[in-house]
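Colleague: I am new to this entry and would like to learn how to read it. Could you take me through some features in turn?

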Amino acid sequence: MIFGEWPFVDGRNPQTYTEERKEHSESFSDGDGFSIMNLASQIEIQVNGEERQCPASSTIADLLSSLEMKPKFVAVEQNEQLVPRAKHAESPLNAGDRIEIVTLVGGG
Amino acid sequence: MTTVIAADQPLKLGTHEFPSRLIVGTGKYSTYELMKDCLTVSGADVITVAVRRERLIDSDGRNILDFIDLSRYTILPNTAGCFSAEDAVRVARLGREILEGLENPGADWVKLEVLGDTKTLLPDPVATLEATEQLVKEGFQVLCYSTDDPITAKRLKEAGATSVMPAGSPIGSGQGILNPNNIRICLEYLKENDPEYPVIVDAGVGTASDVSIAMELGCDGVLLNTGIAGAQDPLRMAEAMKLATRSGRLAYQAGRIPKKLYATASSPESGTISQQPE
């Protein structure tokens, strides 16, 4: 099922994907469904060491929301450079990006 | 009428001040609920956390931050797991970013750990020094995990470390204070003409007496994690560590008697009804 793989292949809540699709369909769908967008505008990035696909024109903020992460609890690096929270929405993802999304955990 | 002992000075770490001299970690607890209770019982005002990759799948949705009262505790993010100065600097920036977002006062400092190898988890002194210099430049108050080597400690202070935190023994080893004489020399060097400079024993503490020894030596505080989290009854150990910090501190301030080889009688030597041996 092609929709199930959009935009991030991780088996997360399809509801989020539906909302994401709506958002993105306004900006770059041809109005004819999602399959063209799906095939034509995906890029490969690495998130926390795992290969992932995401829509070509998405931002760090889009990535966090598709992963259902609370932006308040995480910090993001793009290619080993910290991207401050205020810049997430204006930081586009590029093919080959190495993204790190970290949070706080128990430690000594 | 009760006799009251004067209240202690707060623990001063750079611009931060805390009533408790015990800093506790949040790792290795079997549940977040137990962690939360142990933090409360320990009386700590500062708690350490680590920075790690967020799980992308299979996350149960529970974040440690849901179990920490951010208005009660100052969070001290560490750079545990870093083996180079570059990685430690990156992790420090990431920790600051999260704490700034949470508006926690801990956003301006870091517990710097740059480790040499995975077997001993001992600090790499050269890389620790490099990372300290960089982080100080970036405005961090740097609390440096260090070996108990007095020369390294001195160099870290000169590089601008807010506090030097010598290890009592390797992390999580529970061996206590292996070389009290080195800690003594660290204290002497770091506090020379600067008696307020804070020195904290970090790592290796296994039980309450280890904490007391560190405090009796004149350390300003103790940082521990496994000693509580790994105890058979972590809650009781949290209480024990709190009391040990306090009693060690009081004993230090009170000034212990010198150690002597032979006995000195506590009761009067004259007026005894028995005949004294020659």
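This is a predicted model: local features need pLDDT of at least 70, side-chain atom pairs count only at pLDDT 80 or more; totals for chains, interfaces and linings use all residues.

Colleague: Which residues of α5(B) are buried?

Modeller: Buried means under 20% relative accessible area. In α5(B) that applies to B:N182, B:I183, B:C186, B:L187, B:L190 and B:K191. Seen down the helix axis, these buried residues fall within an arc of 145 degrees, so they line one face of α5(B).

Colleague: How many residues does α5(B) have, and what does it span from its first C-alpha to its last?

Modeller: For a helix span, compare the end-to-end reach with the value expected at 1.5 Å a residue. α5(B) has 12 residues and reaches 16 Å, close to the expected 16 Å. What follows the helix is B:N193, with a positive phi near 55 degrees.

Colleague: Which residues make the nonpolar surface patch?

Modeller: A patch here takes residues with over 30% relative accessible area. B:I151, B:I185 and B:Y189 make a nonpolar one of about 240 Å². Of these, B:I185 lies in helix α5 of chain B, residues 180–191.

Colleague: Is B:I185 exposed or partly exposed?

Modeller: Exposed means over 50%, and partly exposed lies between that and the buried limit. B:I185 has a relative accessible area of 33%, so B:I185 counts as partly exposed.

Colleague: Which residues are buried in helix α6 of chain B?

Modeller: In α6(B), residues 208–216, the buried ones are B:D210, B:V211, B:S212, B:A214 and B:M215. The buried residues of α6(B) pack against β9, β10 (221–224) and α8 (234–254) of chain B. Just after α6(B), B:G218 has a positive phi of about 110 degrees.

Colleague: And chain A: what pattern does it follow along the sequence?

Modeller: List the elements, then read their order. Chain A has three helices and five strands, in the order α-α-β-β-α-β-β-β.

Colleague: How much of chain A is buried, and what is its accessible surface?

Modeller: Of the 108 residues in chain A, 44% are buried. The accessible surface of chain A is about 5,300 Å², and carbon and sulfur atoms hold 52% of that surface.

Colleague: What share of the contacts in chain A joins residues 24 or more positions apart?

Modeller: Take the contacts with a separation of 6 or more; in chain A, 56% of those are between residues 24 or more positions apart.

Methods:
Residues are numbered from 1 along each chain as its sequence is written. Chains are lettered from A and ligands numbered from 1 in the order in which they are written. Side-chain values use heavy atoms; hydrogens and water are left out. Helices (H or I, at least four residues) and strands (E, at least two) are DSSP runs, numbered from the N terminus. Buried means under 20% relative accessible area, exposed over 50%, partly exposed in between (1.4 Å probe, protein chains only). Contact means heavy atoms within 4.5 Å. Accessible areas come from the Shrake-Rupley method with a 1.4 Å probe; for residues, only the protein chains shown count as cover. Patches are made of residues with over 30% relative accessible area and no salt bridge: like charges are joined within 9 Å, nonpolar side chains (Val, Leu, Ile, Met, Phe, Trp, Tyr) within 5 Å. A salt bridge is a side-chain nitrogen of Lys or Arg within 4 Å of a carboxyl oxygen of Asp or Glu. The expected span of a helix is 1.5 Å times one less than its number of residues. The arc is that of the directions from the helix axis to the C-beta atoms.
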